[in-house]
Amino acid sequence: MMKKFTIKGLLYSLVGLGILISISYASINYFYTKSFVLESLEQKSINRAYLVAKKLSAIHDKIAHDYSANEHILRHALETAKEYIKNNGRDANLDELKKSLDKSHKHLDFNAYVINSDYVIQRTTYKQDMGLDFKLLPFALKIVDEVYKTPKMIHISHPALDTLANNYKMYILQRLEGEDYMLQLSVVLKEQDEEKEFVSNISKTVPSLLRSSIYICLPKGILSDKINIDKLWALEYKNTTKQRRLHSRDYYKEFATLFAPDSKIAQDDLSNKIREFVKTDRPKTTHIKTKEQYIQKIILPFQSYINMQENTDYILYLEFDESQAQEIIDDMNIALYFIWFSLFGIGAVFLYIIHKHIINPLSLVKSKMQNKKLIDEIDLSNTNNEINSMILIYNQLLRDLRREIISNEELLEEFKIFTQNTVHQVRTPLSVIKIALELIKTEDKEALLQIKSSLLSMEHMYDSLSFILNQDEVVFEKQEINLSEVLQERVEIFNTIALAHDTKIECEIEPNIIVNLNKTEAEFLIDNNISNAIKYSTPKQTIHIRLTRSSADIILLFDSASAEIKDKNIIFQRYKRSDKTKKGTGLGLNIVDSISKKNDILINVEYINGYNRFMYLFAAK
């Protein structure tokens, strides 16, 4: 059963619930707003990333188109270079060759390379590539090897970004017939500076950009048995040396950390995940929160004609400084704490007002009511009008009640005196009737039996009323009595009544059972049980009475055949009867209950095989 709230508990609970709801609402609103701000700034960064990717894709497509338009010139230049080497030998001056080619095609910038059988650049007009070992370049090694082994083969590359020069170049390569070296030319469109300008000025285009780079990913099988990852360009390249760039060619770990910062991915798995990532064309976002910055990281795939020709994947990595988000969140935290403290303060004020103007007056009223005292007007100073009105009504009701109690006590005393006088006056006629009955001589034994039964019933009723009237004034002292003899005497007296009701009493009484009990109370206990058994027993049925002793208890049983008593608790209440069709005062079992409680006698009522059984357990001596 749910515990009932006191008014104090209810009011405090309501105030607490109101504060809790308010705090919950403020907290939920805070987290929702915080999430909205972060999502908005994240989307803002994603939009910027898409803008960068879109611009780079457009630049790459234009570069691919422009270089494709000059492919025939590159082929013609290779023939010119081969003729020049043939005429001047392997050690021919490459710088003169470059000047000749540049003079013929003013919009192009050529460089020449001699690559030996070890796939190392032995001589070149582009000094930064001198001594470059293609074995260190998995992207190019397979092509160089194939060209060297197939002398007639001419390989023309797609436009590729030279990360050292930070520009796009197109290469043509062929092994000279009958020689153990290869000749390579590269060409750069002189006016192709759009990407350079975009990369150089990207910080102005996207002011919050911290870092940016493009990774090129070649899945296994294209140039090697393992996935290859290289960095085409990065914003920090502007402030680094060419030598440092050359020694930073292994970007697998760097990219894997950016792509999946929370897990380690094997090369085979990374290749598949990159392919899936490119197909979805959706960005991956993470963020880092430091004391000074809130950094938003975005990895975004983008496609252009160049990487589609190469069958490679281009992935753009960007870092944005979104410290503005941290400032907003800090302000929101301060606002949330202020709301919390304000709600606690308002709650404390409410509790103080409730305690002073409601709880204290109600506690005073409760205390006065429990002690049945009037509430003085001086105690009403801190109460509101409603409680004040209630107190005034209480005072008036208490005064009326006191007057009623005094009046009822006077009436009760008068009724008690009247009842005592009446009971006393009834005793004399009963005695006279009893003496006269002994003198009556009649042959009608049935009539005589009925008169004796009625007389005994009146005596029993008289004794019950007398006991109730005097039980508060007369002390029934305990004494050792022979319960067996008392029971036998009372059964003999009630045999007459039983016969008059066409009922028979059978007894099983163990002799000499001694109990510590007042004899008068023992007689009342026995008489009321026998009287009830006779009154409610089915006619022509036997009433069984048994008194026995066990090792621990003395057991007194009264069994009577009758309908089952449904409510076994109500029958011991004064003026209550289980069968209202039978006449009676409802006092008998109440007297039995009173005597049993006083003398620690246990009562058990049960229904067994058509008999109502009243069992009384006395402590054995």
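Predicted model: local features only at pLDDT ≥ 70, side-chain atom pairs only at ≥ 80, totals over all residues.
Two strands count as paired if DSSP finds at least two bridges between them.

Let's begin with strand 15, residues 542-549, and strand 16. They run antiparallel, and six bridges join them. How many residues does the hairpin use to join strand 15 to strand 16? Three residues make that link.

Now look at the other neighbour. Strand 18, residues 611-619, is joined to strand 16 by nine bridges, and this pair is antiparallel too. Here, Ile 555 finds its bridge partner in Leu 617 of strand 18.

Five strands make up an open sheet with mixed pairing, and their order is 13-15-16-18-17. Which strands are at the edges? Strand 13 (504-509) and strand 17 (602-608), each of which pairs on one side only. On average, neighbouring strands in this sheet are turned by 15 degrees against each other, ignoring direction.

There are helices here as well. Helix 14, residues 483-500, lies across strands 13, 15, 16 and 18, and runs at about 170 degrees to strand 13. Helix 15, residues 519-536, lies across strands 13, 15, 16 and 18, at about 20 degrees to strand 16.

So, back to strand 16, residues 553-561: why do we call it largely enclosed by the rest of the structure? Because seven of its nine residues are buried, where buried means under 20% relative accessible area.

How values were computed. Residues numbered from 1 in each chain as written. Heavy atoms only, no water. Buried < 20%, exposed > 50% of the residue type's maximum accessible area, 1.4 Å probe, protein only. Helix = DSSP H or I, 4+ residues; strand = E, 2+ residues; numbered from the N terminus. Axes fitted to C-alpha atoms, helices over the stretch in contact; angles between N-to-C directions. Contact = heavy atoms within 4.5 Å.
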